[in-house]
Each structure stands twice: as C-alpha cells, then as structure tokens.
Amino acid sequence: PPPPISTPTTEIPPMFISKKKRAEIRERRKKLPKDQKSNTKDNKKRPREDDEEEDEGQHVASSAELVDTKDKVTIVRIPDGLTGKAAKKFRKDARRKVIAEGGNKDSIKFVSKDGEEEEDEEEEEQPKKKKSKTQTKSFPRINDLLAKAEADKQAEKEAAARQAAEEKIPPEEKAKYVALDCEMVGIGTDGKTSCLARASLVDWYGNVLLDTFVLVPDRVTDFRTHVSGIKAKHIKETNQNAMTPKDCRMKVGAILKNKILVGHALRNDFAALMMNHPAADIRDTAKYKPFMVSRGRNGGKLRPRKLRDLTKQFLKRDIQVQGESHDSIDDAKAAMDLYKVVRVQWEKDTQSRLKGKNKKR
C-alpha cells in the first residue's frame, strides 16, 4: 500500500500584547457599563467540598420567594431538609432580601412547609469587651498595712503628748501668740504686683480675731480668684464690711502689739500690709530649718516648703486643695498648729540665737 501522505501542521504562536495595548484595553473596560463587564474571577470560583452546607443554604435562599406580605408582616417559608447551619444562613439571606426591597427585618415571620411558625433566632451582635492589660486586682501588701498602722499609732501618741504639753502652758503664755495670713490681688498692667485684699488673724486656740476684706485703691487687673477666692464684690466700696488699707493696717498693728506673730512666708504679708514686726517676735514656718528642704544633688541651699505639704506631713490635714481657692483663716490656723508641734525646740533655738547675738555685742 502507498505510504500515508503527511500533511504539514502549523503551530499557532501565542498572541503577544504590548503594555500599551493592555493599557488601552483596561481603559475601554472602565468605560463599559457594569452589566456588560465580565467578572472572570467570579466565574473561576468553584464550591469546595467542606462548604456543601453553606452552598445548599445559599441555593435555597436565592431560590426562595417571599410567600406573603400582609398587614406589614412578611412571611417567609423555610424549605425542608436544611441543617441548622444552612437554616441559619437561609434566614440571614432572607432578611437581607427583605431589607433590600425596603422592608423591615423585624416584621419577618418564618414558617415551615406545613405552615407552622418557627422562632426567628437572630443573634444580636454584642460589643466586644476591651481586655484590660491588668485584669488582676491589686491588693495592699501586709507589710504596707502594718507600717501604716504603726505610723497611725505613732501619730496618735505624738498628738496626745502635744495635747498634754499644751495643757501645761499657762493661759498668759498662750495669749502672746497670734497667727496672720493675707490674700492679695494683682494690679498693674501685667497683674503681677500684689495688693492687699483680705487680712485674717487668729489666736492660739484658732479663734478669729480679725477677718476683713480690704478696699483696693488701684484698678485690679488680676483677681486671682482661683487662689485667693477674692471677687470684685468683696473689695468694692459698696461692701460695708471692707476696710480701707489704712484702717486695716491700724487694726492689725493694734492686735500685734507686744505679740509673737506666727505665719508662713510672712514677708509677703508684711509687703501687702506695708508694715513690719520685731524679728525676735516672728515665728515664720517657711524659714524654720527643720521645716525646710535642701534642693540639689549633694544637698545644697535650704528652700522653704509649701504650707500645704507641711500641714499634710505634720498635721495629717488637707488645706489648699487642688481646684479650690485658699482660705486665709484656714492658713493662719495651720501655721499656728505647725508652730505648736515644734514650739519647745523652736523656743530653745530662738533663745540660744538671741544669747549669741547679745554676746557679740
């Protein structure tokens, strides 16, 4: 037999598309309407074997129809043979379909094939609780509790000892002591110049000897109300309880005559009152060395501490609370009580210092 005739086969080379051509094709696709665009990615998707239940529910839900809509209630019939997971997905898709058609998901009623109503088990999404970094409760250590109890016990003993020592002081000695505190406002263009606005004096027992507002002759540019508690109504001429600076100075001078003056940072009060007092009769808690603290790495110069901190440490009392204005009466009482704590040692130091000065003379 004759040999078979072999026909030549021509291979079709793969089509080459340049980058420029591809860019033109992409631009044309963007201009096409959505319904004409071919989504090749969706066509390539294939259902997986482990998602059979979900695909079954998806198929049923897409083919399900809304049975009835009356009295604003949408009835949806659930097909038979759905597993729990597929039924749950069916309900979810049905709700989405109702909402897309302008319905209300709360008006949906699911019924079985026999017409029996089934409960809509819609799970409400609960907000996730933020996990705190430290969820464990912190309890005080037993050593801290014991140390605090010991400190409180020691403070009570010291207070009782001071009370007993104070009772031994004769009334004539107590009558010598007076505590002073003043409140100032700001005058001048920048409000930094202090001017007297209130003066308060208390005795050994804390009784108020004088507490008066003072008229300010100049224009006040800073009332410092958050600190001083002074308002415009307090220092106006319409306030009958306010004194003139001259009357206040005379009144304070009469009370301080032959008295031992106690206070904190009395230099500022003297500047506001425009008066002075004998140095031997001044007990300034801001200048008492045991009340001062050294600043710096290797000690350094002693600096005065705030009256608030001294009162908290030695008297266990809170004054000049953050966010509240100061009260000159409370500050004067605190200075007097601080002096009582160290009175014995302070008077000894004062007497020894005065004797040293007399010897030098």
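**Entry 1: a helix pair.** I started with two helices and saw that α10 passes α11 in a left-handed crossing. I was looking at a predicted model, so I kept that in mind throughout. I noted that α10 covers residues 307-315 and α11 covers residues 328-341. Two packed helices are described by the angle between their axes and the distance between the axes, and I looked up both. For this pair I found an angle of about 50 degrees, with the axes 10 Å apart. The two helices are therefore oblique to each other.

**Entry 2: who meets whom.** From α10 I listed Leu-307, Leu-310, Thr-311, Phe-314 and Leu-315, which meet Asp-331, Ala-334, Ala-335, Asp-337, Leu-338 and Val-341 in α11. Sorted by class, this contact has eight nonpolar, one polar and two charged residues.

**Entry 3: positive phi.** Most residues other than glycine have a negative phi, so I went looking for exceptions. Lys-316 has a phi near 55 degrees and lies in the loop between α10 and α11. I checked its cover too: Lys-316 counts as exposed, at 61% relative accessibility. Another is Asn-258, with a phi near 60 degrees. I found Asn-258 in the loop between α8 (245-256) and β10 (260-263), and Asn-258 is exposed as well, with a relative accessible area of 70%.

**Entry 4: the whole chain.** Stepping back, I counted 12 helices and 13 strands in the protein chain. Of its 361 residues, 30% count as buried. The chain exposes about 27,400 Å², and carbon and sulfur atoms supply 50% of that area. Among contacts with a separation of 6 or more, 56% come from residues 24 or more positions apart.

Technical notes: Residues numbered from 1 in each chain as written. Predicted model: local features only at pLDDT ≥ 70, side-chain atom pairs only at ≥ 80, totals over all residues. Heavy atoms only, no water. Helix = DSSP H or I, 4+ residues; strand = E, 2+ residues; numbered from the N terminus. Buried < 20%, exposed > 50% of the residue type's maximum accessible area, 1.4 Å probe, protein only. Contact = heavy atoms within 4.5 Å. Areas by Shrake-Rupley, 256 points an atom, 1.4 Å probe, with all protein chains shown as cover. Axes fitted to C-alpha atoms, helices over the stretch in contact; angles between N-to-C directions. Parallel < 35°, antiparallel > 145°, perpendicular 65-115°, else oblique. Left-handed = near helix turned anticlockwise from the far one by under 90°. Nonpolar A, V, L, I, M, F, W, Y, C, P; charged D, E, K, R; others polar.
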